[in-house]
Amino acid sequence: MTTAHAAHVRLFRSLHTPSAPLALANAWDAASARVVEAAGAPAVATTSAGVAWALGSVDGNSLDRDRALAALAQVTAAVTVPVTADLEDGYGAGPAEVGATVTRALAAGVAGINLEDGTRIPADFATRLTAARDAADETGTDLFLNARIDTYLLGLGAPEHRLTETLTRAHRYVAAGADGIFVPGVTDPATISALAAEIPVPLNVMAGPGAPSVAELGRLGVARVSLGSGVAQAAYGVAGRAARELLAGGTYDALEDAVPYPEMQGLLGRAVGGAGRDQAGSPLIRRCNSHKERKSPGVRVRSA
């Protein structure tokens, strides 16, 4: 592990605090990662759904490991901030394959990873977490291992028992080596507060339209807030609106907030003469700071 990689790992771990929750607008390729970084993000997270869609695949462990890790390497090479990778279930049939995935993700320069339990038996998923932890330890990397619990996202079990089941899984996963717990699919303040109070490691939730603000989530005890696949869905939503508008009316208003071509060139060409460095006065930063919040009908976040 290089000195720079070790510094990223330490920094990423330190960013998890309810007093100032880590806000992650998930990216899916080098360009989206650069846009997120240029907006001032202290770290970049990937979305497995966005990565899969960009590569012509569906989300849900259908993308093969080589293609997923190749996309991840492009993201880590594009930014100067820590990257945490959504690795779905670890891209492997068993714990040994999960460990191999984590080793390769670390070689790509990640500071953290997400692994999800989905519909797996919790005991089985715990062995995958332990394999991930062991793989990181073998490289001497204090990787931030975020365990995603899908009880709420997938509606697993009876609603009246879901909180108890989630907490039971959370404690099992922490014992298996998880540094954080991610519970997507829950936005109810009382439930979030109960999760934060009972889970002994940083709590991560997924937000979108209708969810409490980042500051409100922090007051509830949340240390990390992700947008999951929402940003990718919004980008594809703009593509669809632009195409329909162009074909139906011959107009172009959907492109109103597009990042200008020279700016995108600068963001991705920063290695040439320092172009694209993050500057507080850059057009993208000014636009992000002044952009008025607007509703995005039709964008529904399903997965990280």
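# Briefing: a parallel sheet and its helices

Exposed means over 50% relative accessible area, buried means under 20%, and partly exposed lies in between (1.4 Å probe, protein chains only). Helices (H or I, at least four residues) and strands (E, at least two) are DSSP runs, numbered from the N terminus. This is a predicted model, in which local features need pLDDT of at least 70 and side-chain atom pairs count only at pLDDT 80 or more, while totals for chains, interfaces and linings use all residues. Residues are numbered from 1 along each chain as its sequence is written, and side-chain values use heavy atoms, with hydrogens and water left out.

**Helix α8**

- Helix α8 covers residues 189-198, and T191, I192 and L195 are buried in it.
- Viewed down the axis of α8, the buried residues fall within an arc of 100°, so they line one face of the helix. The arc is that of the directions from the helix axis to the C-beta atoms.
- An α-helix has 3.6 residues a turn, so residues three or four places apart point the same way.
- The cover over the buried residues of α8 includes α7 (162-175), β7 and α9 (214-219).

**The sheet**

- An open sheet is built from 8 strands, in the order β1-β8-β7-β6-β5-β4-β3-β2, with parallel pairing. Two strands pair if DSSP finds at least two bridges between them.
- The edges are β1 (22-24) and β2 (44-45), each with a single partner strand, so one side of each has no neighbour in the sheet.
- Strand β7 (residues 203-206) pairs with strand β8 (residues 224-226) in the parallel sense, over 3 bridges. M206 stands opposite S226 in β8.
- Helix α1 (residues 3-14) packs on the sheet and touches β1, β3 (83-86), β4 (112-116), β5 (144-148) and β8. Contact means heavy atoms within 4.5 Å.
- The direction of α1 makes about 45° with that of β5. Axes are lines fitted to C-alpha atoms, for helices over the stretch in contact, and angles run from 0 to 180 degrees between N-to-C directions.

**Strand β4 and E116**

- β3 and β4 pair in the parallel sense over 3 bridges. D86 stands opposite N114 in β4.
- β4 is mostly covered: 5 of its 5 residues are buried.
- G112, N114 and E116 point one way from β4, I113 and L115 point the other way, and all are buried.
- E116 has a relative accessible area of 10%, so it counts as buried.
- Leaving out residues up to four places away in sequence, E116 touches N61, D86, E88, D89, F125, R148 and D150.
- E116 and D89 are 27 residues apart in sequence, and 5.2 Å apart in space, C-alpha to C-alpha.
- The side chains of E116 and R148 are joined by a polar contact of 3.5 Å. A polar contact is a pair of N or O atoms within 3.5 Å; within protein, one must be able to donate a hydrogen and the other to accept it, and residues adjacent in sequence count only if both atoms are side-chain atoms.

**Aromatic pairs**

- The structure holds 4 aromatic pairs. Rings of Phe, Tyr and Trp (its six-membered ring) pair if their centres lie within 6.5 Å; planes under 30 degrees apart count as stacked, over 60 as edge-to-face and the rest as tilted.
- F12 and F144 form an edge-to-face pair, 5.8 Å centre to centre, with 90° between the planes.
- F12 lies in helix α1 and F144 in strand β5, so this pair ties together parts that are 132 residues apart in sequence.
- F12 is buried at 0% relative accessibility, and F144 is buried at 3%.
- W28 and Y236 form a tilted pair, 6.4 Å centre to centre, with 40° between the planes.
- That pair links distant parts of the chain: W28 is in the loop between β1 and α2 (30-38), Y236 is in helix α10 (residues 230-249), and they are 208 residues apart.
- W28 is buried at 12% relative accessible area, whereas Y236 is partly exposed at 37%.
- Ring pairs link W28, W53 and Y236 into a cluster.

**Helix α2**

- α2 is mostly covered, with 7 of its 9 residues buried.
- Those buried residues are A30, S32, A33, R34, V36, E37 and A38.
- D29 caps the N-terminal end of α2, with a side-chain oxygen 3.3 Å from the backbone nitrogen of A31.
- G40 follows α2, and its phi is positive, near 110°.
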